[in-house]
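Trainee: I have a model open and want to learn how to read it. Can we take the features in turn?

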Amino acid sequence: MSDDDQADDKAGDKTVLDGHDIETALLEDWRLMFSSLHARFETGDFATGLALVDRIGAAAEEMGHHPDLELSYPRVDVRLTSHDVGGVTRRDVDLARRISDLAGSLGAKAAPAVTRVLELGLDTWDHDEIKPFWAAVLGYEATEAHDDELVDPDGTRPTIWFQEAERHDEPAQRFHLDLRIPPEQVESRIAAALEAGGTLVSDERAPSFWVLADAQGNKICLTTWVGRSASA
């Protein structure tokens, strides 16, 4: 390969692929979910899953590109994205093919139909007003790519995105978020949420749970395992 070809290949690795590109790549085991490739491999038992994770790890080290893995009985879930460009690139496609081959060699079956990503949409007339509260109370982060969303830095909890809406009275919520955190983290999390423009609605049931709200009245409960009887 010439120097020019190598330069072109390196540049291509940073090109973000879309759904059509992924279909063209014929990745039957994988599905594009927003900015990541997702796959589930049914391993049938824990030992096979552990062996698959071990082989994926070796391949990732060899290729210099690393997936997010979740091992449980009896499956392995894999997420691939190129964090430096905020999307799926050829690096992910190449590793996805390698992972599919490794899974097949162990008899693990792909289950693309069950791949899914849950997001939570919050109606607001001014997301800049309440975005800091939700980042503080959930421990989330803003992204450069999308000003109207917050993401879990660990990539395990749902993204929060803000849906533009007309100004309205405090909502009579049909559902709200309950976030379970360690009891020793509650005070600092509440302080951060209040500093970010939130209010403490109720601490009547603390230390079981506290009710907080953002500046527009959208509520969340911070909960711990410590019950009322335990605090007496």
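Mentor: Start with two strands: β8 (residues 149-151) and β9 pair in the antiparallel sense over 2 bridges. The model is predicted, so local features need pLDDT of at least 70 and side-chain atom pairs 80 or more, while totals for chains, interfaces and linings use all residues. Residues are numbered from 1 along each chain as its sequence is written, and side-chain values use heavy atoms, without hydrogens or water.

Trainee: What does pairing mean?

Mentor: Strands of a sheet pair through backbone hydrogen bonds, parallel or antiparallel. Two strands count as paired if DSSP finds at least two bridges between them. Strands (E, at least two residues) and helices (H or I, at least four) are DSSP runs, numbered from the N terminus. Here, Glu149 has Trp161 in β9 as its bridge partner.

Trainee: In what order do the strands of this open sheet lie?

Mentor: The order of the 4 strands is β6-β9-β8-β7, with mixed pairing. At the edges, β6 (119-124) and β7 (141-142) each pair on one side only. Helix α5 packs on the sheet and touches β6, β7, β8 and β9. Contact means heavy atoms within 4.5 Å.

Trainee: How do I read the sides of a helix?

Mentor: An α-helix has 3.6 residues a turn, so residues three or four places apart point the same way. Now take α3: its buried residues are Thr48, Gly49, Leu52, Ile56, Ala59 and Ala60. They cover an arc of only 110 degrees around the axis, which puts them on the same side of α3. That arc is taken from the directions from the helix axis to the C-beta atoms. On the other side of α3, Ala47, Asp54, Glu61 and Glu62 are exposed. Buried means under 20% relative accessible area, exposed over 50%, and partly exposed in between (1.4 Å probe, protein chains only).

Trainee: Which elements do the buried residues of α3 pack against?

Mentor: They pack against β2 (36-42), β3 (68-72), β4 (75-80) and α4 (90-105).

Trainee: And what is a nonpolar core?

Mentor: It is a set of buried Ala, Val, Leu, Ile, Met, Phe, Trp, Tyr and Cys residues joined through side-chain atoms within 4.5 Å. The largest one here has 22 residues; Phe133, Trp134, Val137, Leu138, Leu212 and Ile220 touch the most other members. Helix α5 gives the most to this core, with 7 residues.

Trainee: How many residues of β13 are buried?

Mentor: 4 of its 5 residues are, so β13 is largely enclosed by the rest of the structure. Strand β12 pairs with β13 in the antiparallel sense over 5 bridges.

Terms used: Axes are lines fitted to C-alpha atoms, for helices over the stretch in contact, and angles run from 0 to 180 degrees between N-to-C directions.
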